[in-house]
Amino acid sequence: MNKSFLVKPFLDEDYPIAEYGKGIYLYDSEGKEYIDGSSGAVTASIGHGVLEIAEVMKKQGEKVSFVYRSQFTSTPAEKLAWKLKDWAPGDVNWSFFVNSGSEATETALKVAIQYWQEKGRPTKTKILSRWMSYHGITLGALSMSGHEVRRARFVPLLEDFPTIDPPYCYRCPFDQSYPECQLKCANELERAIYRIGADNIAAFIAEPIIGASGAAVVPPDGYYEKIREICDRHEILFIADEVMTGIGRCGKPFAIDYWSVVPDIIAIGKGLSAGYTPLAATMISEKVMEPIRSGSKLIMSGHTYSANPQSTAVGLAVLEYMEKHMLVEQSEKKGNYLINQLTQLQKKYPIIGDVRGKGLLTGVEFVSNIFNKLPFSEEVNVTNAVVKKSMEKGLLVYPASAGLEGMRGDAIIVAPPLTIKKEEIDKLVSIFENVIKEIQDELQ
Ligand code: PLP
């Protein structure tokens with residue numbers, strides 16, 4: 001293609017043209033094959049080109065694609081809300097459909113503030129979050145995100161929401177080790193609450209497993225139990241941002257299920273429609289809905305395309321497909337195998353400092369020295385080198401970051417479709433090994 005007026009992420013880079021996809025594979029217009037080792041942006045959970053989903057899209061399109069949510073409800077939207085109620089933990093029964101993860105977390109922010117207003121506590125408006133987090137690109141969502149690069153240009157426009165340090169054991173912000181640390185990272189929440197005042201805080205938001213800004217960082221055991229307990233004691237809502245981790249990606253319906261903690265609000269997206277259509281949701285507990293239902297009876301948010309029949313029909317079909325093929329269970333099993341294979345590479349290649357994750361959300365962090373965990377310099381940009389070389393060799397991996405304040409880190413996410421087969425994992429890991437070997441040789 002010669003001249004293009006499409007705004008792409010990097011304006012002077014050439015991107016291949018996606019022609020079609022089948023299973024874990026994507027093909028470009030030149031016929032080159034790629035293993036989708038990251039499900040795009042951790043989205044295409046059931047793989048590409050699933051005909052059942054295409055069939056549902058066609059059928060729903062023939063019936064009705066769009067109705068405005070203030071005028072109609074629809075059978076697919078109602079059914080999907082019921083299905084999600086069965087997937088979600090505890091009393092998180094209600095779904096507010098939106099179109100992107102950013103809208104889902106931003107709606108969560110608004111619902112949390114509204115909850116306290118309905119309860120006669122209008123000063124509770126701040127959202128506490130963690131540094132090393134990503135909750136979305138719109139200004140409210142970005143205000144909650146501890147992601148230096150994505151915030152930088154807009155800092156003057158962002159709400160001044162406070163952050164605490166992440167539960168990042170590989171580079172503990174407190175220079176301690178688990179379990180001797182006694183979960184200092186969780187106790188930090190309570191210290192922040194004392195500093196800011198519980199009367200000013202509506203909610204604490206966290207990704208159960210840190211995704212884009214940490215590359216599948218799993219907190220130590222007991223962390224979320226403690227977070228839940230602190231939130232309850234200080235009357236602060238707990239929002240789980242499961243946009244990347246939810247809907248089976250990590251080997252449980254929701255990643256928070258690993259810790260038997262029930263959030264007050266859950267944001268989901270990505271895997272909900274597995275990329276077949278834009279769809280996300282803010283899931284709300286009975287506890288949070290109750291004062292709204294008996295109070296103003298209206299959640300002050302929403303979008304033109306919220307709960308449209310076309311997207312919700314796709315979401316419903318995706319969840320039914322996942323149930324039929326037991327993809328949540330598959331994710332846990334295959335994820336264990338993938339992590340094991342990546343850990344074997346870590347033993348062979350010292351540029352791999354850490355391998356982590358749960359289910360089929362795995363992260364690989366690169367270091368220039370495994371003993372002192374020193375990251376590579378910005379000029380070397382190992383993340384970029386790994387992503388580019390992988391792509392050359394027909395493997396897609398997702399660039400993440402893994403830095404604390406004032407320190408950049410290199411990491412990538414490997415998160416193939418949950419439908420991946422064992423021999424396909426072997427093929428993925430074999431290409432990845434070639435990439436790592438070549439890059440390590442180049443760096444020496
Ligand atoms: N929350 C998390 C945890 C995410 O990983 C992302 C996207 O990567 C978002 C929110 C924003 O989602 P979207 O890009 O669909 O707006």
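This note goes through the ligand shell, the nonpolar core and the sheet of a predicted model.

1. Basis. Residue numbers start from 1 along each chain as its sequence is written. Because the model is predicted, local features need pLDDT of at least 70 and side-chain atom pairs count only at pLDDT 80 or more, while totals for chains, interfaces and linings use all residues.

2. Ligand shell. Around the ligand there are 16 residues, of which S100, G101, S102, V243 and M244 come nearest (a residue is near if its C-beta atom, placed from the backbone, lies within 6 Å). Helix α4, residues 101–118, gives the most to this shell, with three residues (helices are DSSP runs of H or I of at least four residues, and strands are E runs of at least two, numbered from the N terminus).

3. Nonpolar core. The largest nonpolar core has 129 residues, and A112, L237, I412 and I413 touch the most other members; α4 gives the most to this core, with eight residues. Such a core is a set of buried Ala, Val, Leu, Ile, Met, Phe, Trp, Tyr and Cys residues joined through C-beta atoms within 7 Å, where buried requires 20 or more other C-beta atoms within 10 Å of the residue's own.

4. Contacts of L237. Leaving aside residues up to four places away in sequence, L237 touches A112, Y115, A202, A203, C231, D264, I265 and V288 (contact means C-beta atoms, placed from the backbone, within 7 Å).

5. Sheet. Seven strands form an open sheet with mixed pairing, in the order β4-β10-β9-β8-β7-β5-β6 (strands pair if DSSP finds at least two bridges between them). The edge strands, β4 (92–98) and β6 (163–164), each pair on one side only. Strands β5 (residues 126–130) and β6 run parallel and are joined by two bridges, with R130 standing opposite I164 in β6.

Methods: A residue is buried if 20 or more other C-beta atoms lie within 10 Å of its own, exposed if 12 or fewer, and partly exposed in between; C-beta atoms are placed from the backbone. Two residues are in contact if their C-beta atoms, placed from the backbone, lie within 7 Å.
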